[in-house]
Amino acid sequence: MLKITNLTKVYQSDEQALDSVSMTVSGSEVVAIIGVSGAGKSTLIRCINRLTEPTSGSIQLDDRELTTLSTSTLRDARRDIGMIYQEYGLVERLTVMENVLSGRLGYVGILAAIRRRFDGDDIQRAYEVLDRVGMAGHEDDRADELSGGQRQRVGIARAVLQRPEIMLADEPTSSLDPGTSQEVLSLLSEIASDDGIPVLINIHEVDLARQYADRIIGLADGRIVFDGTPAELTPAVESRIYGTGESEPTDSVSDPSDGGSKTDGESQLPTETAVRT
């Protein structure tokens, strides 16, 4: 179970991205976080695994307080947090199999990781997970040869191979076409149900949130203004979340600089940004 209590983030520019956010995510539920750009969606996701450092508040994962962990213990804690990035976070020059196996880097020694030597069971499971996400037969393809949808599937496979306690997805559909977006969210929903782990998704497309989420959380100016089921997300509630009488366009595509979490796929070191997302 993930329990967040009074989570606050104030950037060095004195801009407050999160203001006393409290929430609990558990079981196998798919939770979608919606709101305008700048509402604090990506900041919330990134604070959970401390890619962005919170200013104050508590983040507990299965009774382990994440905000006070040292660098070494944080590395161990991140093994329990699967992360799916907006810009995929793959190492372009590596193969699909090598990228997926990087999900096990937290469990092997540094020397083994450098030499890319993994346990036979991990390799066998990587093949199984790739088949599960529809990427069987692409094991030896380089990541830079894949389409956007294929790259996101590889990113999901990498996260699943971690055997995490929770999966976080930071705008996983923002770079995808509508059909592929539905396929990716359907896959995440299946993983939550089949593996019995919660999935927390930052998403712009309200219609997709309604279709695939069990629960929707609306953020406005860094505060939770709605927490309920898709059926409870009425036009009046959407107006409160978005500050207008209409929700965001469902085909909106976010600027990669707004909350993008592009990484080299080999490291998850905490980073800071002056841009509120």
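pLDDT is the predictor's confidence in each residue, on a scale from 0 to 100. The structure is a predicted model, in which local features need pLDDT of at least 70 and side-chain atom pairs count only at pLDDT 80 or more, while totals for chains, interfaces and linings use all residues. Residues are numbered from 1 along each chain as its sequence is written, and side-chain values use heavy atoms, with hydrogens and water left out.

The protein chain has a mean pLDDT of 85, and 84% of its residues reach 70 or more. Helices (H or I, at least four residues) and strands (E, at least two) are DSSP runs, numbered from the N terminus. Confidence in the chain is highest in strand 3 (residues 30-34), at 97. Helix 4 (residues 110-114) has the lowest, a mean of 59. Over residues 245-277, pLDDT stays under 50. For that stretch the model has 89 contacts (heavy atoms within 4.5 Å) beyond four places in sequence.

Helix 1 (residues 41-48) is mostly covered. Eight of its eight residues are buried, meaning under 20% relative accessible area with a 1.4 Å probe, protein chains only. Among them are K41, R46 and C47. R50 follows helix 1 and has a positive phi, near 60 degrees.

Helix 5 (residues 120-132) and helix 6 (residues 148-161) have axes that come within 9 Å and cross at roughly 135 degrees. Axes are lines fitted to C-alpha atoms, for helices over the stretch in contact, and angles run from 0 to 180 degrees between N-to-C directions. The two helices are therefore oblique to each other, a class left after under 35 degrees (roughly parallel), over 145 (roughly antiparallel) and 65 to 115 (roughly perpendicular). Helix 5 contributes D122, R125, A126, V129, L130 and R132 to the contact, and helix 6 contributes A157, V160 and L161.

Notes:
Buried < 20%, exposed > 50% of the residue type's maximum accessible area, 1.4 Å probe, protein only.
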